[in-house]
Each structure stands twice: as C-alpha cells, then as structure tokens.
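Let's take a friendly walk through a protein model. Have the sequence and the 3D view open while you read.

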Amino acid sequence: MAGKVKTVGVLTSGGDAPGMNAAIRAVVRAGISAGLQMKGVMRGYAGLLDEEIVDMDSRSVADIINRGGTILYTARCKEFMTEEGRRKAADICRKHGIDGLVVIGGDGSFRGAGKLADLGINTIGIPGTIDLDIACTDYTIGFDTAINTAMEAIDKIRDTSTSHERVSIIEVMGRHAGYIALWCGIANGAEDILIPEAYDHDEQKLIDQIISQRKSGKKHHIIVNAEGIGHSVGLATRIEAATGIETRATILGHMQRGGTPTCKDRVYASIMGARAIHLLQAGKTKRVIAYKGGEFVDFDINEALKMTKSISPDFMTVGRELIRI
Ligand code: ADP
Ligand code: F6P
C-alpha cells in the first residue's frame, strides 16, 4: 500500500486515442479538488526522462474535453525499457516531488508503470487505445470514437462502391486485434469481415462468395479487413483478376485515431480519470482501472497483464449469421 500522495503527475504513452484529453482533464481536476499538486509529464516516458514536467492547474485543462489527440503529447521510449532508464525516471519523479503517476496508455505503458511502482512511485494505469485490445477491460478510451469514425467513412465508401458496382476492401486499424473491424463490419452491413481471431485465409471461398452474390443481384461487396490481416491492395488485385469485378482497397489509417471524442469516450474517460485520483488517495498503487461486466473496477497491474480476452460468442454469432466472418 502506498503512503499518502501529495504530488501527482499524469502522462499519455503509446498510440494516442480520442478521449485521452478528457481523462487528463479529469485527473487534474479531481487531483486539485483533493488538494493535490498536479503536474503534466510531456511525451510519455521519454518526456519524463527528459524532465519535461509542467505544473498544471484547473485552467491548464480548460477547453480540452472535446479535443482529440493528447495535449501532453505521446511517445514510445526505448530507454524506459531498461532497468537503468526506469531508475533514472524514478529519481526524476522524486526530484520533482512526484509521488503518484497516472499513466494513460496500453499494455506496454502499464508494464512500464508496474515496474516504476516497484521502484517506489505510486502508479495507476488508465486504458487508452483505439484497439480495445487490453484484456482486463471491456472498454478502452478511444475505441468508441474510432469505430464511429471508421463506420462513417465506410458508409461513404459504400455509396461510391454501389454506384460503380465494385468490390471494396476497407482496411481498419487494430494492430493484432479485430475489434474495430468486427464492430464496423456489423454496423456497416459488410458482406465479409476478415479478422485475425477468425479468418481462415481461404481466398477461393471469398472469391466464390463474391461471384455468387453478384449473380444474385448484389450491387456492391464490402469487405472490412482488419490491419492484423492486412495486404488489402494485393487482395484487391487478386479478387479483381479472379472475378472480373472492379475492386478497390482503401486503408483508413490514422484518421481513425483523430477527431472529436464521442460522448461515451468523454464520459468514461472522465470517470476513469477521477477514479485514478481516488485510488491514489486511498493509498493504492500498481493498479489499472477497467470497465468490466458493466462496472468500473481496478486490478493489480501484473494480474491485469496476465489476463487474456477473446471476442464474445454473441459477436461471433451475429457476425456469422448476418455477415461472414
Ligand atoms: P502501448 O502502451 O499502447 O501498449 P507500447 O507497447 O508502445 O504502447 O508501450 C509504450 C511505452 O511503454 C514504450 O515505449 C516503453 O517506453 C514502455 N514499455 C513498454 N513495454 C515495456 C516493458 N516491458 N517494460 C518497461 N516499459 C515498457
Ligand atoms: O495502437 C493504436 C494503433 O493505431 C494501432 O491500431 C496501429 O497498429 C498502430 O497504433 C499504429 O501505430 P503508429 O501510429 O506508430 O503508426
């Protein structure tokens, strides 16, 4: 259990996600309400090692709840992966009086936060990633915004795909996880969803289905392809050659990481940010906040990192019944 914290830093680490600003705002404002000194650490662990640390007051986080990205910037940092780097980071925290640190990021960032906690700095992790690939939680900051952004983009592609009677492959982000592809595939009424968790790589089957659907009168054929499967351009070339139907690939890319956060991302990020302060006040350290089974909870970071998750059977069923996964 941690001692009573007086000064709390907050940083964002790994890939940015819409809603991170709402979380930063909540951490800072809840901390100030609790009478704590608040500091912003710029550029994740890299900025911590470079001592890019600024005082934060209530006004520092004004007008940011509606903004995508992160006002603290984010980075990946190799030096922090070393024991020496983390010892230096813990010394810098002590030098600046930081006895509590809220880390908004993904599993890698939590791994670092856990190790920093072992060096005496009280740490709390908040899950922030568009990929939804953090096992301990059903919600990650940014996922809701990203799927809505991708859904709108795919709707637009569908319009032109129908007009030209084409096959369209739309590649969405998610690193090794297929959650963005699965949600969008369902929401956009795609004909096929290719996700790392389920795709059998039977390209001939895919081609046969495109041909048979075209014969039955389908004017377009939307394939939502997860980044973890990738190779959308090559797949488009092969489908066009095999079916004779014009096929285009669109890789949505980083536009999925930007934009104004949805209401859900703002609200859940705010709840998680405030909870991080409550945990530190309660003397907790090395915890990660999660949303599980409809409730906000927290887990030991090491326990959380050992957890695994898979796509729920309901999602697989709807995917199989309405579309083809
Ligand atoms: P994410 O947090 O989104 O999973 P990364 O995996 O890139 O993103 O991790 C972000 C940063 O967290 C890394 O650049 C590194 O500084 C730190 N980190 C990642 N893994 C570890 C680890 N095993 N030990 C210590 N620090 C780590
Ligand atoms: O983790 C978020 C994410 O956008 C993944 O979906 C994607 O694989 C990766 O980050 C892209 O990283 P970068 O911004 O370094 O290209």
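Asp-298 counts as buried, because its relative accessibility is 15% (buried means under 20% relative accessible area, exposed over 50%, and partly exposed in between, using a 1.4 Å probe and protein chains only). The side chain of Asp-298 meets that of Arg-287 in a salt bridge, 2.8 Å from N to O. For that label, a side-chain nitrogen of Lys or Arg has to be within 4 Å of a carboxyl oxygen of Asp or Glu. This pair links distant parts of the chain: Asp-298 is in strand β11 (residues 295–300) and Arg-287 in strand β10, 11 residues apart. Helices (H or I, at least four residues) and strands (E, at least two) are DSSP runs, numbered from the N terminus.

A quick note on what you're looking at: this is a predicted model, where local features need pLDDT of at least 70 and side-chain atom pairs count only at pLDDT 80 or more, while totals for chains, interfaces and linings use all residues. Residues are numbered from 1 along each chain as its sequence is written, chains are lettered from A and ligands numbered from 1 in the order in which they are written, and side-chain values use heavy atoms, with hydrogens and water left out.

Side chains of opposite charge can pair when their charged atoms come close. How many salt bridges are there by this rule? The count comes to 21. One of them joins Asp-55 and Lys-39, at 2.9 Å from N to O. Asp-55 lies in strand β3 (residues 53–56) and Lys-39 in strand β2, so this pair ties together parts that are 16 residues apart in sequence. Are the two partners buried or exposed? Asp-55 is exposed, with a relative accessible area of 57%, whereas Lys-39 counts as buried at 15%.

Glu-246 and Arg-248 also meet through their side chains, 3.7 Å from N to O. Glu-246 is partly exposed, with a relative accessible area of 37%, and Arg-248 is partly exposed at 37% relative accessibility. Both belong to a network of salt bridges that links Arg-166, Glu-240, Glu-246 and Arg-248.

Across the boundary, 13 residues of domain 1 are in contact with 11 residues of domain 2 (contact means heavy atoms within 4.5 Å). About 1000 Å² is buried between the two domains, and carbon and sulfur atoms give 53% of that. In domain 1, Ile-130, Asp-131 and Leu-132 lose the most area to domain 2, together 47% of what that side buries. Buried area here is the accessible area (1.4 Å probe) that two parts lose on being put together, summed over both.

Zoom in on Asp-131, which is found in the loop between β5 (122–127) and α5 (143–163). Asp-131 counts as buried at 7% relative accessibility, and Arg-175 forms a salt bridge with it, the closest N and O atoms being 3.9 Å apart. Leaving out residues up to four places away in sequence, Asp-131 touches Phe-143, Gly-174, Arg-175, Ala-177, Tyr-179 and Ile-180. Between the two domains the count is two salt bridges.

Leu-132 lies in that loop between β5 and α5 too, and counts as buried at 6% relative accessibility. Most residues other than glycine have a negative phi, and most peptide bonds are trans. Leu-132, though, has a positive phi of about 60°.

## Rings and charges

The structure holds seven aromatic pairs. Rings of Phe, Tyr and Trp (its six-membered ring) pair if their centres lie within 6.5 Å; planes under 30 degrees apart count as stacked, over 60 as edge-to-face and the rest as tilted. Tyr-268 and Tyr-291 make a tilted pair, 5.0 Å centre to centre with 45° between the planes. Tyr-268 lies in helix α9 (residues 263–281) and Tyr-291 in strand β10 (residues 287–292), so the pair ties together parts 23 residues apart in sequence. Tyr-139, Tyr-268, Tyr-291 and Phe-296 form one aromatic cluster.
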